[in-house]
Amino acid sequence: MLSAQRACAALAARRLAVACVSSAQAHRLHIHTSVSCQDEVKLNAEWAGLAKKQLKGKNPEDLIWRTPEGLNIKPVYTQADSEGRADELPGVFPYTRGPYPTMYTYRPWTIRQYAGFSTVEESNKFYKDNIKGKLSMWSFLRRCSVGEITGAMKKVFGEHKASTRMVSGAYRSEFGEHEEIALANNRVTEFKRHEGRNPRLLVAKMGQDGHDRGAKVIATGFADLGFDVDIGPLFQTPREVAQQAVDADVHCVGVSTLAAGHKTLVPELIKELRKLDRPDILVICGGVIPPQDYEFLYQSGVCAIFGPGTRIPQAAVEVIDNIEKSLEKIRQAM
Ligand code: B12
């Protein structure tokens, strides 16, 4: 992993000079003339000769990267690539270099702000530092994986810590008084009468999945219905989640998963709970999980799965059903 990170950083650094010079051209060429230039990818002959030598005979054309959108990204751009094309400026029609003349000079990107990760100021600082640290987006052009890039950036900037605050009452006040809510509430009250405490849920995010809205919505909604809810930080390992679940003595861990890590991380979590001698702690999943993976998760020990559009009161009742069934089984086995 460490060597992969180093390789990622080194590759990005090595390529930075070339990429920076060529990026504006690449951007223009590929966005502006996307389809027409698809099949005429010509490498600079002199560079190709040098590269071939350095690559010990391998074909430099193998370094042309075809993006998922079907664009060919060359390893090196020269002036010849912009021959016959207008020398465009940002803020000038057709705006291929941005709609405002100074947009990217003092406000590089605001993606992180858009994504709710930080303020505009923090986002810009992040990207400026990022570029200074030579761990920029160009790593993507070198086909580094998200994991490698994340690892390399983490070494320089530390890890993003998202707030795990819940907004109490927000769900209920939005939903209003409704039969479904009353039913779920009654079930929680009944549960407490029977078990001596509220049903307790740990909402967890594992791996590199930063989609935290669903987790927050679920945590807030379940808490409003009377559950005791713990919410874990982003980027936990299965072992950390299992430990937190055991420490908090929850009835159930609710994994929110939207970045395709479910088939690895969820079975791992179940294993860790067993290792900690708490196989009785239930595991449920929610988020964007392809339906064809549901059976795999059930076979791994997950007891319920909730996809996009989940109605929270119904999910809460289903979770209580599962917890009650499991507690009953344990009692019968004693
Ligand atoms: C917003 C969003 C983002 C934002 C996230 C901001 C944030 N702070 O959360 C940003 C822009 C950062 C982002 C980035 C990425 N995203 Co995105 N993103 C989305 C999007 C559009 C909406 C997700 C969302 O917030 N929904 C609203 C919440 C409330 O809904 P929900 O999470 O589904 O939760 C509901 C249910 O699923 C369920 N639920 C969820 N969790 C739990 C847990 C429990 C216990 C229970 C009971 C129920 C439950 O209940 C909730 C209420 O109904 C989805 C597409 C989509 N329509 O789902 C793509 C999507 C999730 N993203 C996707 C991808 C690929 C990415 C990136 C990898 C893109 C990239 N190449 O960089 C990155 C990953 C970054 C990372 N490290 O995770 C893919 C994932 C594909 C997959 N699963 O295989 C999706 C599905 C888009 C797509 N169709 O391709 N993304």
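At what angle do H10 and H14 pack, and how far apart are their axes? The angle is about 70 degrees and the axes are 10 Å apart. Before going further, please note that this is a predicted model, in which local features need pLDDT of at least 70, side-chain atom pairs count only at pLDDT 80 or more, and totals for chains, interfaces and linings use all residues. Residues are numbered from 1 along each chain as its sequence is written, and side-chain values use heavy atoms, with hydrogens and water left out.

**Helices that pack**

Two packed helices are described by the angle between their axes and the distance between the axes. Here, helices (H or I, at least four residues) and strands (E, at least two) are DSSP runs numbered from the N terminus. Axes are lines fitted to C-alpha atoms, for helices over the stretch in contact, and angles run from 0 to 180 degrees between N-to-C directions. Angles under 35 degrees count as roughly parallel, over 145 as roughly antiparallel, 65 to 115 as roughly perpendicular and the rest as oblique.

H10 and H14 are therefore roughly perpendicular to each other. On the H10 side, Val217, Ile218, Gly221 and Phe222 meet Ile312, Ala315, Ala316 and Val319 of H14; contact means heavy atoms within 4.5 Å. This contact has seven nonpolar residues, one polar and no charged ones. In these classes, Ala, Val, Leu, Ile, Met, Phe, Trp, Tyr, Cys and Pro count as nonpolar, Asp, Glu, Lys and Arg as charged, and the others, Gly among them, as polar.

H14 (residues 312-333) also packs with H9 (residues 179-195): their axes come within 9 Å and cross at roughly 20 degrees. That makes H9 roughly parallel to H14. Among the residues in contact are Ile181 and Phe191 of H9 and Val317 and Leu327 of H14. The contact of H9 with H14 divides into nine nonpolar, one polar and six charged residues.

In another pair, H11 (residues 238-248) and H12 (residues 262-275) pack at about 45 degrees, with axes 8 Å apart. That makes H11 oblique to H12. Their contact has eight nonpolar, no polar and four charged residues.

**Around the ligand**

The table lists polar contacts (pairs of N or O atoms within 3.5 Å).

| Residue | Its atom | Ligand atom | Distance |
|---|---|---|---|
| Serine 256 | side-chain N or O | nitrogen | 2.7 Å |
| Leucine 258 | polar backbone atom | nitrogen | 3.1 Å |
| Glycine 287 | backbone N or O | oxygen | 3.2 Å |

Terms used
Polar contact = N/O pair within 3.5 Å; in protein donor to acceptor, adjacent residues only side chain to side chain.
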